[in-house]
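Colleague: Please take one part of this model and look at it closely. I would like the strand pairing, and then its surroundings.

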Amino acid sequence: MNIVVCVKQVPDSAAKVVAEGGKVIWGDAPLVLNPWDEFAVEAALMLQEATDAEVTVISVGGESAKEALKTALAMGCGQAILISDPALEGADSRAVAQVLAAAIQKIGNVDVAFFGKQAIDGDMGVTGAQTGRFLGWPVLSLASTIKLEGDKLVIERSIEEGRQIVESSLPAVVSVSKDIGEPRYPSFMGIRKASRANIPVWTLADLGINAPTPLVRWPDVVNPPAREVKTEIITGDSPQQIAEQLADKIMEEKVL
Amino acid sequence: MDFTLTEEQRMAQQMVREFAQKEVAPIIKQQDRDQQMAPFILSRMGELGILGICLPVRYGGQGMDYIALGLACEELEAVDSTLRVVLSVHIGLNSLGLFQWASEEQKQRFLTAQARGEKIACFGLTEPGAGSDVAAIRSSARREGAEYVLNGEKMWISLATKADHCLWIARTDPETADPHDGLSAFIVELDRPGVRRGDLHGKLGMRAGSTGWIALQDVRIPLENRIGMEGEGFKIAMSCLDNGRYTVAAGATGLIRACLEASVRYANERQAFGRPIGRFQLIQQKIAYMVQSYDAARLLYLRAGWMKNQGLRNTRETSLAKWFATEASFQAASEAVQIHGAYGYSDEYDVERFLRNAKGAVIYEGTSEIHQLMQAAYALGYREDASLRCELPAYDPQVWQTD
């Protein structure tokens, strides 16, 4: 069985992110494997252990995205591929999805493509679904458990209304929720292998496609205006009285 | 001079940090209050390979280098000193001692299981009447045919009641002119008849750990359990301390960092006189000293680790790193409590635990006073390190990372 995991490198969630000169910057905060993608890698490795599959981790990004790929390798993925091309600067999620789909097709014979729920920088949360659309594969999102039963993939989805069981033929795209379980730590053996790994880089030419035109552009990014917040604590002799005073204030200030 | 860590080292450090922060940090305060070591810690560290981090794969280890050991210690102690003590005794004092001095057969018999975390290791040097004065050791090892008969008591032994193997220093020859030459080193399996052990409580700090005593009464061990030659016990013990001290130095560096991070957080939150207390110069001064201590301590232990990687004798440099980092961590913890004010005096915050833990480190693995005597002796030319019959193997990724 062949499994692909698609990951993204993003600024660390603790980074202080500001807009400067129309661009988003995060100072010297480190770039990390997108936390949601760690769950996707975990799901891929769990399925690998259950089915004796091969797991390839791929990413669209710059040279530094190799760090994110190495983290995934250290967790246990068998091999990694970076897709990088200067023409992909400013790509939107749809363009990235098109590129990922091309890469998955180039890898060939892929049964399952895993995605994290969303990237913590763009927060679009649709790249997995878009990739599935380009591939013509069913998309199973918010997976909390994943099983292979014969030639069918059976997943349980964590949705607002509760849990939903969905079956699909292969190949399929799966996006993974946190309920899949804690992502494993990289093992020391994995760390040794990852640091020695030679990660091939595919360009658009290698994929045989032109740079997709982004449909979404970010013409300008600005910081939200600084707000000064004044806090007034309503006091009173009893919760009833405090609530009455608060209600009066809300009406007075025309908040509601 | 390249001061950057390798990718392997950075990833290893990150992994240990995540383990310590996610799995131990949430429960450690309660363990400290209960004076109990959390039962999962040894097995989990074994599972993750941390207990064999810097030993060759063919001895059951993970094939990382000595710097990775130091980085791991820094991360563990940033959560609690008792976590790092596990590596100090299991790897630093015992396993690396075997790695340096044991025969191939002994390495297969003892080291491999230890590196895999299948057996836990500890170190038996200190006695009720002998700490700094190693020559005053009274534990005896009498040779009888194909066995040694061991008698004696060791005290202040970390993991005494948890360990399977103890590297035990005892006197084989009471008649040597210099008492240092009458000592020998042994591996004692602690499930042998005649072994009794117990825990010591009521310590000022290190309460989430396991410290105890071990008493041997006519314990018989085969000759093959002797490490090195008769009379080499003192040299072996000192070699072991070179590695134990290294882990203490690295750990104390992590403790300084924990004090610094806690103090910065608090100084940015706590308000007095209409502003965060970080705006006041006397608080800033305390923070500045912590930064200075952290950077210096870190460079000192990394240098010692680098020397171990190169196969260079590093007794002096390791002693210096341990002395500096532990004294600095005690100071940093004291100032951290001060920055936190009354809240620092309460166990609601971590800094009082850092202070109590830090005090232990200036006592064990060579008191600060012993290290001062060592450094002066080196500088004054009273002391020189002679080469040893067995040296600590240099790091070789090729050899260490293949079966």
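**A strand in chain B and its partners**

Modeller: Strand E4 (residues 165–171) of chain B and E5(B) run antiparallel, joined by seven bridges. Strands here are DSSP runs of E, at least two residues long, numbered from the N terminus. Two strands pair if DSSP finds at least two bridges between them. The model is predicted: local features need pLDDT of at least 70, side-chain atom pairs count only at pLDDT 80 or more, and totals for chains, interfaces and linings use all residues. Residues are numbered from 1 along each chain as its sequence is written, while chains are lettered from A and ligands numbered from 1 in the order in which they are written.

In E5(B), Glu189(B) stands opposite His165(B). E5(B) also runs antiparallel to strand E8 (residues 226–227) of chain B, with two bridges. There, Ala185(B) has Ile227(B) as its bridge partner.

Next, burial. Strand E5 (residues 183–189) of chain B is mostly covered, with six of its seven residues buried. Buried means that 20 or more other C-beta atoms, placed from the backbone, lie within 10 Å of the residue's own.

Then the domains. Chain B is divided into domain 1 (7–120), domain 2 (122–230) and domain 3 (235–384). These bounds come from an automatic or database domain assignment. In chain B, 12 residues of domain 2 are in contact with nine residues of domain 3. Contact means C-beta atoms, placed from the backbone, within 7 Å. Over C-alpha atoms, the centres of domain 2 and domain 3 of chain B are 29 Å apart.

Technical notes: Two residues are in contact if their C-beta atoms, placed from the backbone, lie within 7 Å. A residue is buried if 20 or more other C-beta atoms lie within 10 Å of its own, exposed if 12 or fewer, and partly exposed in between; C-beta atoms are placed from the backbone. Helices (H or I, at least four residues) and strands (E, at least two) are DSSP runs, numbered from the N terminus.
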